[in-house]
Amino acid sequence: MLLSPVVNPRTPGASQMSKSSHCYSKRFASLRQSRKFNFFPRAASGGDSATVGVDATLPGDYFELLQQAKEATQLALKDGKKLMEIEFPTAGLESVPGDGEGGIEMTESMQLIREFCDCFVAPEKAARTRIFFPEANEVEFARNSAFSGASLKLDYLTKPSLFEDFGFVEKVKMADRVKPDDEMFLVAYPYFNVNEMLVVEELYKEAVVGTDRKLIIFNGELDRIRSGYYPPFFYPKLAALTKTFLPKLETVYYIHNFKGRNGGALFRSYPGPWKVLRKVNGRYLCLHQQEAMPSLKEVALNILPSA
């Protein structure tokens with residue numbers, strides 16, 4: 001992906017981005033020049049029957065991806081969804097977690113969030129849309145870079161403590177961050193510190209439940225929690241989210257790539273089914289689809305190898 005190699009301030013030794021260092025329009029143009037996906041359909045094998053409705057194929061570039069994500073989110077909102085997830089690779093459309101340096105991937109997510117907001121949030125709604133970044137110092141970084149000149153409200157989930165170098169942050173009471181006229185919350189990549197997703201749950205409970213507000217988690221890497229990446233013995237509160245929080249969440253747009261001999265992708269665009277796609281001769285075909293999200297382990301070990 002041809003985005004600016006600016007490093008996120010949460011990465012040790014990162015430098016801040018000056019307001020005039022990059023042209024916003026050139027950065028947006030670079031999104032359209034990303035690596036292409038090729039796709040052709042095949043009848044689904046096994047699994048559940050497809051859902052009738054919008055069922056988009058893999059995007060050809062990031063511009064198309066953001067349009068698909070916008071349409072999927074709008075359809076979910078019409079269906080009354082209040083807690084939503086958008087997840088896709090940011091180091092390239094065919095990349096997998098770990099392909100890109102963490103701080104740079106966060107910066108790319110920040111830039112893509114701005115592009116998503118520009119096409120999804122109506123101008124008259126911008127001042128009633130609050131974007132939560134993981135830490136307080138990242139808000140300043142965002143204001144001086146991707147969100148320069150935006151009317152969107154920028155806020156944070158946590159703030160550094162004296163022991164920041166050891167991974168400790170101060171918890172922020174979310175009820176104090178929310179304003180009465182807020183209508184939409186968008187939480188940016190809350191995965192760097194395990195406390196961040198716990199604060200997101202608090203935000204949902206205190207400011208969304210029982211109201212007309214909506215909350216979208218953007219590139220939160222929730223698969224780490226779903227897969228048991230965090231041992232319950234050491235992270236009991238985080239593990240509990242699989243029963244208390246994640247079941248309430250609707251994944252409205254999702255792409256996860258698998259590399260290797262049995263490579264492919266898991267894809268979903270609301271309200272369509274979950275699709276497992278296989279790359280054959282440089283193109284993608286649909287091997288399997290079902291209504292419920294399959295685990296990444298199931299896709300990697302069972303569905304892709306058996307196709």
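**Exercise 1. Determine which residues of helix H8 are buried, and where they sit around the axis.**

Solution. Start with the span: helix H8 covers residues 236–244, and within it Leu238, Ala239 and Leu241 are buried, where buried means under 20% relative accessible area, exposed over 50% and partly exposed in between (1.4 Å probe, protein chains only). Helices (H or I, at least four residues) and strands (E, at least two) are DSSP runs, numbered from the N terminus. The model is a predicted one, in which local features need pLDDT of at least 70 and side-chain atom pairs count only at pLDDT 80 or more, while totals for chains, interfaces and linings use all residues. Residues are numbered from 1 along each chain as its sequence is written, and side-chain values use heavy atoms, with hydrogens and water left out.

An α-helix has 3.6 residues a turn, so residues three or four places apart point the same way. On the other side of H8, Pro236, Lys237 and Lys243 are exposed.

Finally, look for the partners: the buried residues of H8 pack against helix H6 (194–207) and helix H7 (223–226), a contact being heavy atoms within 4.5 Å.

**Exercise 2. Find the largest cavity and state which elements give two or more residues to its lining.**

Solution. A cavity is a set of points, on a 1 Å grid over the protein atoms alone, where a 1.4 Å probe fits but cannot get out, and lining residues have an atom within 4 Å of a point. Grid points are joined across faces, edges and corners, and a volume is the space filled by probe spheres set on the points. Searching the whole structure gives one cavity of 30 Å³ or more, and the largest cavity holds about 70 Å³ of space. Its lining includes Val194, Met197, Arg224, Ile225 and Leu238, and the elements that contribute two or more lining residues are H6 and H7.

**Exercise 3. Decide whether Cys119 is buried, partly exposed or exposed, and how far away the nearest cysteine sulfur lies.**

Solution. The whole structure contains zero disulfides, a disulfide being a pair of cysteine sulfur atoms within 2.5 Å. For Cys119, the nearest cysteine sulfur is that of Cys117, 8.3 Å away. Cys119 is partly exposed, with a relative accessible area of 24%, whereas Cys286, at 2% relative accessibility, counts as buried.

Note on methods:
Arc of directions from axis to C-beta. 1 Å grid on protein atoms, 1.4 Å probe; cavity = no way out; pocket = protein on both sides within 12 Å on 5 of 7 lines; lining within 4 Å.
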